[in-house]
Amino acid sequence: MRWMTFEHNGKTRVGYLQADHVQPVAATDLFQIIAGEGTDPAGTPIPLTDVRVLAPLRPPKIICVGQNYMDHCREQNVEPPKKPLLFSKYPTCVIGPDEPIRWPKGLTEQVDFEVELGVIIGRRARLIPEEDALDVVFGYVPVVDVSARDLQFGDGQWMRGKSLDTFCPLGPVVVTRDEVPDPQNIPLKTRVNGITYQDSNTSEMIFSVAHLISYMSQAFTLEPGDLILTGTPHGVGVFRDPPVFLQPGDILEVEVGDFGILRNPVGEMLTP
Ligand code: MG
């Protein structure tokens with residue numbers, strides 16, 4: 001199933017896709033769906049043209065993986081890592097489709113895009129063996145790991161450059177894992193103003209989704225709704241010649257498999 005959170009007639013609702021309609025259900029947020037509650041239809045299907053799609057949820061934790069694609073290591077001339085490189089983004093950076101990516105004027109000059117396969121955890125998980133790891137997945141979702149490169153590389157660690165408000169576009173739908181038999185064979189694409197910059201496949205991942213979940217769960221508990229960003233393939237702006245960075249007025253679009261286009265404009269910079 002393909003779940004979405006949306007606004008209709010001023011109310012936030014949850015539903016599942018049925019062609020060009022969304023079927024609302026009793027649940028009022030995606031956490032209830034993840035828990036298996038409130039999945040019964042509530043009302044008639046609504047045309048997608050009549051709703052505003054929101055971010056599917058605000059995850060309790062966002063755990064990210066750096067340098068997890070072979071093609072991304074090649075474009076930087078770096079050795080593939082021996083173990084996953086983990087970092088995090090704050091949940092306050094999540095936005096939904098069509099919401100603008102914005103940042104304070106003067107804070108950064110190097111805002112970059114990273115399309116990623118997002119993984120939503122479906123149940124509490126600790127010390128999970130790799131062979132059981134995909135069982136704890138609720139579903140998969142397109143996500144952008146927007147990154148301020150000057151802050152990321154200038155700070156000595158990545159937290160600030162990765163966690164600016166609006167730096168985690170998420171959606172439009174969460175595709176449940178039964179519809180994704182092999183998370184290691186999903187195409188990913190990024191376009192800015194219609195020009196393709198990233199075009200790869202999750203088959204380029206160094207550490208698989210199952211390995212990442214198992215690895216993380218040795219160190220900390222994964223909980224329902226937690227979001228894992230599994231890394232980005234080659235083609236990001238900072239390693240291009242000349243480099244490409246997002247500017248106000250740009251339109252960023254990413255695609256992960258056939259999960260729908262995640263489109264976000266870059267808005268005007270924030271001023272005090
Ligand atoms: Mg990333």
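This report describes the domain interface, the charged and aromatic pairs, and the backbone features of a predicted model.

## Domain arrangement

The domain assignment of the protein divides the chain into domain 1, covering residues 2-54, and domain 2, covering residues 62-265. The C-alpha centres of these two domains are separated by 25 Å, and contact between them involves 10 residues of domain 1 and 16 residues of domain 2.

Between domain 1 and domain 2 an area of about 1100 Å² is buried, with carbon and sulfur atoms contributing 60% of that area. On the side of domain 1, the residues that lose the most area to domain 2 are Arg2, Trp3 and Ile34, which together account for 59% of what that side buries.

## Polar links and composition of the interface

Across the interface of domain 1 and domain 2, the rule finds two salt bridges, and it also finds three residue pairs in polar contact, with both residues at pLDDT 80 or more. At least two residues of the side of domain 1 that touches domain 2 come from each of strand S1 (2-8), helix H1 (30-34) and strand S5 (52-54). Of the contributions to this side, that of H1 is the most, at four residues. Sorted by class, the side of domain 1 that touches domain 2 consists of nine nonpolar residues and one charged residue, with no polar residues.

## Salt bridges of Arg2

Side chains of opposite charge can pair when their charged atoms come close. In the whole structure, the search finds 16 salt bridges. Arg2 takes part in a salt bridge with Glu179, where the N to O distance is 3.1 Å. This pair links distant parts of the chain, since Arg2 lies in strand S1 and Glu179 lies in the loop between strand S14 (174-176) and strand S15 (187-192), 177 residues apart.

Arg2 also forms a salt bridge with Asp258, for which the closest N and O atoms are 3.1 Å apart.

## Aromatic pairing at Trp3

A pair of aromatic rings is described by the distance of the centres and the angle of the planes. The structure holds three aromatic pairs, one of which is formed by Trp3 and Tyr16 in an edge-to-face arrangement, with 5.4 Å from centre to centre and 80° between the planes. This pair, too, links distant parts of the chain, with Trp3 in strand S1 and Tyr16 in strand S2 (residues 11-18), 13 residues apart.

## Backbone features

Most residues other than glycine have a negative phi, and most peptide bonds are trans. In this model, a cis peptide bond joins Gly171 and Pro172, with omega about 5°, and Pro172 is located in the loop between strand S13 (168-169) and S14. Another cis peptide bond joins Asp241 and Pro242, with omega about 0°, and Pro242 is placed in the loop between strand S17 (227-229) and strand S18 (251-256).

Ala19, a residue other than glycine, has a positive phi near 55°.

Conventions: Residues numbered from 1 in each chain as written. Predicted model: local features only at pLDDT ≥ 70, side-chain atom pairs only at ≥ 80, totals over all residues. Heavy atoms only, no water. Domains from an automatic or database assignment. Contact = heavy atoms within 4.5 Å. Buried area = accessible area lost by both parts, 1.4 Å probe. Salt bridge = Lys/Arg side-chain N within 4 Å of Asp/Glu carboxyl O. Polar contact = N/O pair within 3.5 Å; in protein donor to acceptor, adjacent residues only side chain to side chain. Nonpolar A, V, L, I, M, F, W, Y, C, P; charged D, E, K, R; others polar. Phe/Tyr/Trp six-rings, centres within 6.5 Å; stacked < 30°, edge-to-face > 60°.
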